[in-house]
Amino acid sequence: MGRVVVLGSLNVDIVTLVERHPRPGETVLGEPGGRLAGGKGANQALAAHRAGADVTMVGAVGTDEAATAYLRRLEAHGIEAAIARVAAPTGTALITVDEAGENTIIVVPGANALLDPHEVRIGPGDVLLASLEVPLGTVAHVARRAHAAGARVVLNLSPYAALPHDVIALADPVVVNESEMALLADSDLMPASVLVTFGAAGAAWGGTRVDGIPVPADEVVDTVGAGDAFAGALAAALARGAGQEEALEAANAAGSAAVRWSGAQPDAAL
């Protein structure tokens with residue numbers, strides 16, 4: 001079984017709970033939801049670890065107290081941390097969650113924006129999982145190098161951005177949700193291998209589709225991080241040699257489970 005190498009962001013999530021999201025120009029009152037570990041990269045790394053993979057997290061944090069707390073968290077979970085400490089605040093995400101568990105998120109990249117393509121140990125049988133809250137040039141460089149080394153490259157185009165044609169072409173698969181798929185379809189970057197997630201309705205990869213796992217409305221706590229849980233579990237399944245249907249089912253189960261806890265990661269308080 002290969003490793004999962006996750007290239008992506010580490011953020012401190014500042015969560016506010018609201019009855020409903022404000023309309024433009026409106027102010028609503030909220031309640032504190034906590035300071036939690038987040039960032040698409042770290043969320044995916046923790047999900048891959050929960051799914052049984054050996055995981056290396058590649059990212060950047062600042063030299064602040066939040067960075068120290070986050071590195072301790074990764075160590076406690078047994079995740080190898082190839083983390084650069086840079087002269088910028090650790091990334092922050094400002095998140096509001098309404099009573100239905102739906103969220104809005106504003107990300108302030110901070111240290112994530114300074115992640116450079118430093119050397120990462122990766123080889124045949126490994127899976128590189130990369131998302132786009134870090135510099136696109138870094139993602140492209142590491143993806144090319146991972147592919148050349150015989151690793152499988154999984155690209156989560158979230159938040160959506162255009163990568164070079166050759167980088168899109170080497171991914172197996174490119175992972176997008178419905179809105180990201182619409183943006184991809186409007187570009188000239190259509191990949192050969194694309195996996196589309198449909199939230200509670202499931203996911204499709206090529207000719208393979210799995211239905212969503214119903215979660216009763218009263219059990220939906222928070223949808224933050226569900227897509228990251230999906231991607232991390234997908235990478236773990238691929239690293240152990242699973243085929244498309246098996247990998248989709250494992251990823252779908254992880255995404256469904258993730259809406260039952262508060263925050264992007266379980267027990268995520270920092």
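Predicted model: local features only at pLDDT ≥ 70, side-chain atom pairs only at ≥ 80, totals over all residues.
1. Residues are numbered from 1 along each chain as its sequence is written, and side-chain values use heavy atoms, with hydrogens and water left out.

2. Let us begin with I14, which sits in strand β2 (residues 11–18); helices (H or I, at least four residues) and strands (E, at least two) are DSSP runs, numbered from the N terminus. With a relative accessible area of 35%, I14 is partly exposed. Setting aside residues up to four places away in sequence, I14 touches G34, R35, T92, A93, L94 and I95, where contact means heavy atoms within 4.5 Å. For a sense of distance, I14 and A185 are 171 residues apart along the chain, and their C-alpha atoms are separated by 33 Å.

3. I95 belongs to strand β6 (residues 91–97) and counts as buried, at 3% relative accessibility. Beyond its neighbours within four places in sequence, I95 is in contact with D13, I14, V15, T16, N103, T104, I105 and V224. I95 and L36 are 59 residues apart in sequence, and 10 Å separates them in space, C-alpha to C-alpha.

4. Now to the helix pairs. Helix α1 (residues 40–50) and helix α6 (residues 226–239) have axes that come within 7 Å and cross at roughly 50 degrees. Axes here are lines fitted to C-alpha atoms, for helices over the stretch in contact, and angles run from 0 to 180 degrees between N-to-C directions. α1 and α6 are therefore oblique to each other; angles under 35 degrees count as roughly parallel, over 145 as roughly antiparallel, 65 to 115 as roughly perpendicular and the rest as oblique. The crossing of α1 and α6 is right-handed, meaning that the near helix is turned clockwise from the far one by less than a right angle, with anticlockwise giving a left-handed crossing.

5. Who makes the α1 and α6 contact? On α1, the residues are K40, N43, Q44, A47, A48 and R50, and on α6 they are D228, A229, A231, G232, A233 and A236. By class, the contact of α1 with α6 has six nonpolar, three polar and three charged residues. Here Ala, Val, Leu, Ile, Met, Phe, Trp, Tyr, Cys and Pro count as nonpolar, Asp, Glu, Lys and Arg as charged, and the others, Gly among them, as polar.

6. α6 also packs with helix α7 (residues 244–258), at an angle of about 150 degrees and with the axes 7 Å apart. That makes α6 roughly antiparallel to α7. The crossing of α6 and α7 is right-handed. The contact is made by A226, A229, F230, A233, L234, A237 and L238 of α6, together with A247, L248, A250, A251, N252, A254, G255 and A258 of α7. In this contact of α6 with α7 there are 13 nonpolar residues, two polar and no charged.

7. Helix α5 (residues 178–185) has E180, M181 and L184 buried. They cover an arc of only 105 degrees around the axis, which puts them on the same side of α5; the arc is that of the directions from the helix axis to the C-beta atoms. The buried residues of α5 pack against β10 (174–177) and β11 (194–197).

8. Also in helix α5 is E178, which counts as partly exposed at 48% relative accessibility. Not counting residues up to four places away in sequence, E178 touches V196, T197 and F198. E178 and V259 are 81 residues apart in sequence and 18 Å apart in space, C-alpha to C-alpha.

9. Finally, please take a look at the cis peptide bonds. One joins S158 and P159, with omega about -10 degrees, and P159 is in the loop between β9 (152–156) and α4 (165–170). P159 counts as partly exposed at 40% relative accessibility; apart from its neighbours within four places in sequence, P159 is in contact with K40, L132 and E133.

Note on methods
Buried < 20%, exposed > 50% of the residue type's maximum accessible area, 1.4 Å probe, protein only.
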